[in-house]
Amino acid sequence: MKEILERRYTLTPFKKEIKGLKDAFRRASLRNLDSMRKRGFRPKNISYYEEVILGEKRYEELKGFSGRIIGYFCTFIPQELIYAARAIPIRLCSGFYDTVLVCEEILAKDICPLVKSSFGFKISASSYFELCDAVILPTPCDPKKKLIEILSDYLPVWVLKIPQDKTSSSKEIWLEEIKSLKERIEDFTKTKLTRQRLEETIKLIHKRQTLFRQLYEIRRANPYLMGGRDFLLVIQTSFYDDIERWIDKTEELCKQLSKEKTHFKTDEKIKILVTGSPIIWPNFKLLNIIEDLGAEIVCDDLCSGTQSLYNLVEPDEPTTDVMLGAIADGYLLSSVCPCFIENNDRIDRVLNLIEEFRVGGVIYHSLRLCQLYEIESHRLRLILKEKKIPMLTIHTDYSQEDTEQIKTRVEAFLEMLKR
Amino acid sequence: MIVCGIDIGSVATKTVILKDRDIISKSLALTKASPKLAAEEALSKALRQINLSEKDISYIVSTGYGRRIIEFGDRTVTEITCCGRGATQIGSPLGKIQTIIDLGGQDSKVISLDEEGGILDFVMNDKCSAGTGRFLEVMASVLEERIGDLGEIALRSNNPVRINSTCTVFSESEVISLIAQGRNKEDIISGICASIAERIAGMITQVGKKESIFFCGGGARNRGIHRFLEDKLGVELYVPQEPEFVIALGASLIAIESLKKI
């Protein structure tokens, strides 16, 4: 297998312990939860997900895990391969502002907040990142590419090169990447990813995704049963939680919701689609503003949201080659990341969601310095304008300083939609 | 039926009191450090002028960045909605208003209206102060001129300088170095006004350019910016008589409509 990182120069990793970081995370999380509780009508077992997202219990649980823990970023990494090696995958994309500040001691201000926030966890040796034995990073954008290089001083980093498009030649290259990753995981964990193991884990994740689709359909039929933030909370806990337990709890949640009646009158609330750059706990600033103002986030196409659980891997037959092919296709083709040269799939998806969920307006989260999403927002805006679908773009980052200004814009946008 | 609209802006707080649909009083107070005090001051000033007290007012709508701070309001509405409402009421000799430019103290906004005067789209610049009244204030103080005189001074220049910086702080040092280079004050002021006009013209492109444009907010009193905007956009702009009261007027009209719904 070809090495991507030669590592000719290795540096002593910069580390800095920051006191009170865990408390700060907890406080930020509790602020969100307080705001989410104000909505009223929350599913009974949502408290389970609240506890997972706070992270303390899960952290201790993972600390006691004797096997390998493998971190990853974005929606491109097949968790099937990690589970098949009896390792645990943990998604490391972070939305915590305090670790951005930690990172700014060494990296400049004008760098992607998501990358800095995630790396800040590594610098301060806290949270899940510290428990990871290796990390897998795809190459969707420049900040992530360079994060690969920086992180390689800290722990083994494996790179998954994302093709620039979804053509058949790109798909072949991508399949090779997936195959290399499989070998890499086998070497590292000293576990053979047998046909049988692969089949089992494909089924396991398929079960999770199917269950998620069930929840998705319940919300589509009645978006008011559960708030948009609670929906994202359920999705994002799956990044860290024990997969079997998450499945059990979410089965329970679906059962519970299918028995519930409508909480709000149809069309009582304005239905919002949130799209754009990833929104990751605890950075729910924009979501809190939208729902605190009485609108409902009924759907999203976020890679930190629906995109991360919606794709299905369905091999035609359980041979290793066919299964790896299905994994490769499943993760590449379903992505609507702006890293692809032409991204019509994303525009199609947004238009579909607007129709399916009878969306009143689109709010575009443009994370500062997230250039690919920022550039795409212009095109989407014009396409939506032609179709007379209002869209509001919010440029922001992880800090809280612009909360009031964002509130004014969102409020004005909602007043405009209410007419 | 007496109602009131209060627009608590970052620089000034404006109040309009309506009886039925006629303006019977209005007032302006500087917001300074306490939007709450400014709102109280503006309201009591407006009431004193007509010998009324707060209990005579049936409904108060507050708007502007400080809209949630006051305790005596009945409803809060954003300045964008109020601006659209106020401008539609005032109207324009240029025909049905299609676009509004509001140049306020802390932000500037461009609002696009539909056929019925409803808001179709808007963009706001509020993350940075370049292109706002605050920018003019900083520049006026550097150049030791009164903010109200900048527009007239700008019009006297035949050779405006080009201000390259897009940030107030950097523009300030840019202006200081222009002074040090011995550049003519009129040309510098003219360049400042042109740079604000350029930013606003960019916002107009974002919402889609329309012919009938209404220009309001305190910044609309600056004739230099007004002229540069007309040059850049290639159309005439209409500035109402008291451009800073448009949003407060809109708030007071929404107060009437809210009362009717009760």
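Me: How many bridges join strand 5 of chain A to strand 7 of chain A?
Reply: In this predicted model, strand 5 (residues 271-276) and strand 7 (residues 361-367) of chain A run parallel. One pairing is that of A:Leu273, whose bridge partner in strand 7 is A:Val362. The number of bridges joining strand 5 to strand 7 is five.

Me: Which strands are the edge strands of the open sheet in chain A?
Reply: The sheet has four strands with parallel pairing, in the order 6-5-7-8. An edge strand pairs on one side only, and this holds for strand 6 (296-300) and strand 8 (391-396) of chain A.

Me: What angle does the direction of helix 18 of chain A make with that of strand 8 of chain A?
Reply: Helix 18 (residues 403-418) packs on the sheet and touches strand 7 and strand 8 of chain A. Its direction makes an angle with that of strand 8 of about 175°.

Me: Which residues touch the most other members of the largest nonpolar core?
Reply: This core holds 198 residues. Domain 1 (2-80 + 246-261) and domain 2 (95-239) of chain B both give residues to the core, so it lies between them. The residues that touch the most other members are A:Ile272 and B:Cys193.

Me: Which element of chain B gives the most to the side that touches chain A?
Reply: The contact takes twelve residues from chain B and eleven from chain A. On the side of chain B, helix 2 (79-90) and strand 8 (119-125) give two or more residues. The most, four residues, come from strand 8 of chain B.

Conventions: Residues are numbered from 1 along each chain as its sequence is written. Chains are lettered from A and ligands numbered from 1 in the order in which they are written. This is a predicted model: local features need pLDDT of at least 70, side-chain atom pairs count only at pLDDT 80 or more; totals for chains, interfaces and linings use all residues. Two residues are in contact if their C-beta atoms, placed from the backbone, lie within 7 Å. A nonpolar core is a set of buried Ala, Val, Leu, Ile, Met, Phe, Trp, Tyr and Cys residues joined through C-beta atoms within 7 Å. A residue is buried if 20 or more other C-beta atoms lie within 10 Å of its own, exposed if 12 or fewer, and partly exposed in between; C-beta atoms are placed from the backbone. Domain bounds come from an automatic or database domain assignment. Two strands pair if DSSP finds at least two bridges between them. Axes are lines fitted to C-alpha atoms, for helices over the stretch in contact, and angles run from 0 to 180 degrees between N-to-C directions.
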